[in-house]
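Subject: Structure handover, with notes on what was found

Dear colleague,

I am passing on the structure below, and I would be grateful if you read it alongside the notes that follow.

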Amino acid sequence: MNPTELRAGLSLAGVFGLRMLGLFFILPVLAVHAANIEGGDNLTLVGLALGGYGLAQGILQIPFGAASDRWGRKRVLYLGLLIFAAGSFLGCVADDIWTMIAARVLQGAGAISSVAMALAADLTREQHRTKVMAMIGSMIGLMFALSLVGAPPLYRAIGMEGLFALTGVLCLVAMLVVKTQVPDPPARSPSVDAAGSARGAVLAPELVRANAGIFILHVVLYAMFMVVPPLLVKAGLALPDHWKLYLPVVLGSFVLMIPAILYADRRNQAKPVLIGAVVLLLGAEAALAVLLDGGVVLLACLMLGFFVAFNVLEALLPSLVSRLAPVHGRGVAIGVYNTTQTLGVFFGGLLGGWVAAHYGATGVFAVCAVLVAVWLALAAGMRPPAAVNEVPSPTF
């Protein structure tokens, strides 16, 4: 990568990290805190407070992406971060469940993921795009891992009000990073068929395959985590100690995914790497379905395999979408991608809960394996992006 691409990748990863760190700090403690506020004894409303963020994200990813295609990435990025910060500061004064729900929905209304990913695609050449997406994905995963360790002591020290305030401040810092560190994207020709680009961004067969993949990936992730924590408790790892497994597994998976990402980029072998990661995912799910009682070490090994596949796919899929999308419909295409990802979160929790209630953990992993097998069949028929020759570095 040239210096501009490296700067774009690192700065946008920093923007994601600052925003997601504050968000992740809230998630592990919100359900516990809700018991101390008015209306927090209603678990349905507490669930709405937790899920309201994702609902707003799912609804607004496509409009934000389309707006960035029309009015520019950075303008829409500032708007989304400002809305997210406003929701965070509203959370500081949330002393009842309805205000908490409003704060979470307002946070989610700052749906910048599609905009930031489209900007990353604008600022990088195709042959380096997967590495940039991997930077962003790794930063998000690292922030999640840090939140598992840091959220409980921070909550004890500064309370939920302090965590929301910290989230808002981090979001304002992210705006400063966008202003001072993220390069401006190249100017685009105004004479484009916007409607045609939008149709291509939504209906292109290869994009449909990629969107189906990210949907299944997140259905599987959230369905799994309906049963994985109880399995770890059953295996002898107390709930407060689960981070001792998750942290090394997540960090180890980042290291192990690097060779696959570099191979996909340098050799233009995105499809073989995609197929390999889906096969690994299928193997992990099938093994979990039949080896539930293997103990903590075996579960950790299988979870490591799962997260290696997950992280490779999280980096590879948005890169593929950005390469396959029409240039002037890239924001819409990534908005659709992020919307299907969010829908996967919702349906994954719903499906995982229902299957676990009726068929137990074995049933959940078996259903996940079937879904991944369906994805494997879809991915096998995907046409890879055309090979990209080295071209002169873009000037911004």
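In these notes a residue is called buried when its relative accessible area is under 20%, exposed when that area is over 50%, and partly exposed in between, using a 1.4 Å probe and protein chains only. By that rule, buried residues account for 52% of the 396 residues in the chain.

Before going further, please note that this is a predicted model, in which local features need pLDDT of at least 70 and side-chain atom pairs count only at pLDDT 80 or more, whereas totals for chains, interfaces and linings use all residues. Residues are numbered from 1 along each chain as its sequence is written, and side-chain values use heavy atoms, with hydrogens and water left out.

Overall picture

The chain has 13 helices and zero strands, where helices (H or I, at least four residues) and strands (E, at least two) are DSSP runs numbered from the N terminus. With contact meaning heavy atoms within 4.5 Å, 86% of the contacts between residues at least 6 apart in sequence join residues that are at least 24 apart. The accessible surface of the chain comes to about 16400 Å², and 71% of it belongs to carbon and sulfur atoms; such areas come from the Shrake-Rupley method with a 1.4 Å probe, and for residues only the protein chains shown count as cover.

Salt bridges

A salt bridge is counted here when a side-chain nitrogen of Lys or Arg lies within 4 Å of a carboxyl oxygen of Asp or Glu, and a search of the whole structure finds five of them.

One of these joins the side chains of R125 and E5, at 2.7 Å from N to O.

Another salt bridge is formed by K74 and D184, whose closest N and O atoms are 2.9 Å apart. Because K74 lies in helix α3 (residues 73-91) and D184 in the loop between α6 and α7 (194-203), this pair ties together parts that are 110 residues apart in sequence. K74 is buried, at 13% relative accessible area.

The salt bridge between E206 and R209 has its closest N and O atoms 3.6 Å apart. These residues are three apart in helix α8 (residues 205-224), which means that about one helical turn separates them. E206 is buried at 10% relative accessibility, whereas R209 is partly exposed, with a relative accessible area of 24%.

A histidine in α1

H33 is located in helix α1 and is buried, with a relative accessible area of 8%. Its side chain makes a polar contact of 3.1 Å with the side chain of Y155. A polar contact is a pair of N or O atoms within 3.5 Å; within protein, one must be able to donate a hydrogen and the other to accept it, and residues adjacent in sequence count only if both atoms are side-chain atoms. Apart from neighbours within four places in sequence, H33 is in contact with M100, Y155 and M160.

Aromatic pairs

Rings of Phe, Tyr and Trp (its six-membered ring) are paired if their centres lie within 6.5 Å, and planes under 30 degrees apart count as stacked, over 60 as edge-to-face and the rest as tilted. The count by this rule is five aromatic pairs. The rings of F307 and F310 have centres 6.2 Å apart and planes at 80°, so this pair is edge-to-face. F307 and F310 are three residues apart in helix α12 (residues 296-324), and about one helical turn lies between them. F307 is buried at 10% relative accessible area, as is F310 at 9%. F306, F307 and F310 form one aromatic cluster.

A nonpolar surface patch

Patches are made of residues with over 30% relative accessible area and no salt bridge, with like charges joined within 9 Å and nonpolar side chains (Val, Leu, Ile, Met, Phe, Trp, Tyr) within 5 Å. L82, F89, V169, L172 and V173 form a nonpolar patch on the surface, with about 390 Å² of accessible area together. The elements giving two or more residues to this patch are α3 and α6, and α6 gives the most, with three residues. V173 is found in helix α6 and is partly exposed, with a relative accessible area of 34%.

With kind regards
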